[in-house]
Amino acid sequence: MIFFDKVSKIYSPTSAALKNVTVRILPKEFVSVVGSSGAGKSTLLKLLIAEERPTEGRIFLDGDEVSALSYRELPRVRRRIGSIFQDFKLLRDKTAYENIAFAMEAAGRDPKEIEEDVPQVLDLVGLSDKAYHFPHELSGGEKQRVAIARAFVNQPDVITADEPTGNLDPVNTWEIIELLTKINELGTTVILATHNKEIVDWLSRRVITIDKGELIRDEQKGTYIL
């Protein structure tokens with residue numbers, strides 16, 4: 001379970017990204033976090049992976065208080081979370097296969113596991129035929145599918161996706177959303193930050209709405225209302 005306990009993130013006296021947010025996310029849930037640009041969606045995800053630390057409050061991933069972990073302890077918890085970003089963050093000098101394998105190498109997986117698992121996850125995202133293509137040889141949708149494969153290959157408990165369709169056309173947008181729902185159906189918790197109303201309404205899953213840093217709505221089967 002993920003638990004944000006009265007979490008605030010304050011950058012300056014006049015800039016509060018989050019204000020006293022308390023929310024629980026259960027294992028295997030698919031949750032959309034919605035709100036306008038600057039509402040605090042990205043900050044919420046950054047706090048979960050400890051890219052940022054809360055000004056107040058605590059954040060838990062099961063028994064681990066993420067917000068209190070030392071930098072030495074963080075890699076152990078971060079291995080349980082796969083992250084996807086709007087701008088893909090692929091390594092330009094590595095092929096699709098190598099980008100995914102690199103995530104496994106960083107997690108300490110052995111070469112045999114890498115040899116077995118990378119082709120499987122490439123097949124899952126429909127890119128077996130693009131394994132040895134470099135990022136500049138891939139479309140935007142294909143780059144994002146490589147990024148999803150990289151996030152999923154270590155079988156994390158949680159996937160966070162921060163505006164993963166923000167740079168994509170409508171066709172690729174829906175392919176990415178369908179892929180995230182498939183991953184969720186395999187048992188992985190998915191937290192999707194988006195401002196795309198059509199996506200949220202189509203998913204018809206739990207919706208957490210943030211406005212000006214405050215959690216203003218939490219509906220189990222919600223639509224995008226702001």
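# Briefing: cores, pockets and strand pairs in a predicted model

K28 is exposed, with a relative accessible area of 57%. That residue sits in the loop between strand 2 (15-25) and strand 3 (30-34). The structure is a predicted model. Its largest nonpolar core has 37 residues, and its largest pocket has a volume of about 700 Å³. The points below go topic by topic.

**Strand pairs**

- Strand 1 (residues 2-12) pairs with strand 2 in the antiparallel sense, over seven bridges.
- The two form a hairpin, with two residues between strand 1 and strand 2.
- Within this pair, V7 stands opposite V21 of strand 2.
- Strand 6 (residues 81-85) and strand 7 (residues 158-162) run parallel and are joined by five bridges.
- F85 has D162 in strand 7 as its bridge partner.
- Strand 6 is mostly covered, as four of its five residues are buried.
- In a regular strand, side chains alternate between the two faces of the sheet.

**Nonpolar cores**

- The residues with the most contacts inside the largest core are I100, V118, I148, I159, L180 and L192.
- A second, separate core has 28 residues, including L47, A50, I59 and V158.
- I159 is one of the core residues with the most contacts. Leaving aside neighbours within four places in sequence, I159 is in contact with G82, I84, A151, F152, L180, I183, T188, T189, V190 and I191.

**Helix 3 and its cover**

- The buried residues of helix 3 are A96, Y97, N99, I100, A101, A103 and M104.
- Helix 4 and helix 5 are among the elements that cover these buried residues of helix 3.
- An α-helix has 3.6 residues a turn, so residues three or four places apart point the same way.
- After helix 3 comes G108, with a positive phi near 85°.

**The largest pocket**

- The lining of the largest pocket has 20 residues. Those closest to the pocket's centre are R78, I81, S83, A103 and A106.
- Helix 2 (74-78), strand 6, helix 3 and helix 5 each supply at least two residues of this lining.
- By class, the lining of the largest pocket has 11 nonpolar, four polar and five charged residues.
- A103 belongs both to the residues closest to the centre of this pocket and to the buried residues of helix 3.

**The second largest pocket**

- The second largest pocket holds about 150 Å³ of space.
- Its lining has 15 residues, and P27, K28, D157, V158 and T189 are the closest to its centre.
- The lining of the second largest pocket divides into eight nonpolar, three polar and four charged residues.
- V158 in this lining is also a member of the second core.

- T189 is found in strand 8.
- Is T189 buried or exposed? T189 is buried, because its relative accessible area is 4%, and buried means under 20%.
- Leaving aside neighbours within four places in sequence, T189 is in contact with I25, L26, P27, K28, E29, D157, V158, I159 and N184.

**Loop residues with positive phi**

- K28 is not a glycine, yet its phi is positive, about 75°.
- E163 is another residue other than glycine with a positive phi, near 50°.
- E163 is found in the loop between strand 7 and helix 6.
- Which side of the cut-off does E163 fall on, buried or exposed? E163 is buried, because its relative accessible area is 11%, and the limit for buried is under 20%.
- K28 counts as exposed because its 57% is over 50%.

**A loop residue between helix 4 and helix 5**

- S139 is found in the loop between helix 4 and helix 5.
- S139 counts as partly exposed, because its relative accessibility is 33%.
- S139 and L168 are 29 residues apart in sequence. In space they are 9.4 Å apart, C-alpha to C-alpha.

Key
Residues are numbered from 1 along each chain as its sequence is written. This is a predicted model: local features need pLDDT of at least 70, side-chain atom pairs count only at pLDDT 80 or more; totals for chains, interfaces and linings use all residues. Side-chain values use heavy atoms; hydrogens and water are left out. Buried means under 20% relative accessible area, exposed over 50%, partly exposed in between (1.4 Å probe, protein chains only). Two strands pair if DSSP finds at least two bridges between them. A nonpolar core is a set of buried Ala, Val, Leu, Ile, Met, Phe, Trp, Tyr and Cys residues joined through side-chain atoms within 4.5 Å. Contact means heavy atoms within 4.5 Å. On a 1 Å grid over the protein atoms alone, a cavity is a set of points where a 1.4 Å probe fits but cannot get out, and a pocket is an open set with protein on both sides within 12 Å along at least five of seven lines; lining residues have an atom within 4 Å of a point. Grid points are joined across faces, edges and corners, and a volume is the space filled by probe spheres set on the points. Ala, Val, Leu, Ile, Met, Phe, Trp, Tyr, Cys and Pro count as nonpolar, Asp, Glu, Lys and Arg as charged, and the others, Gly among them, as polar.
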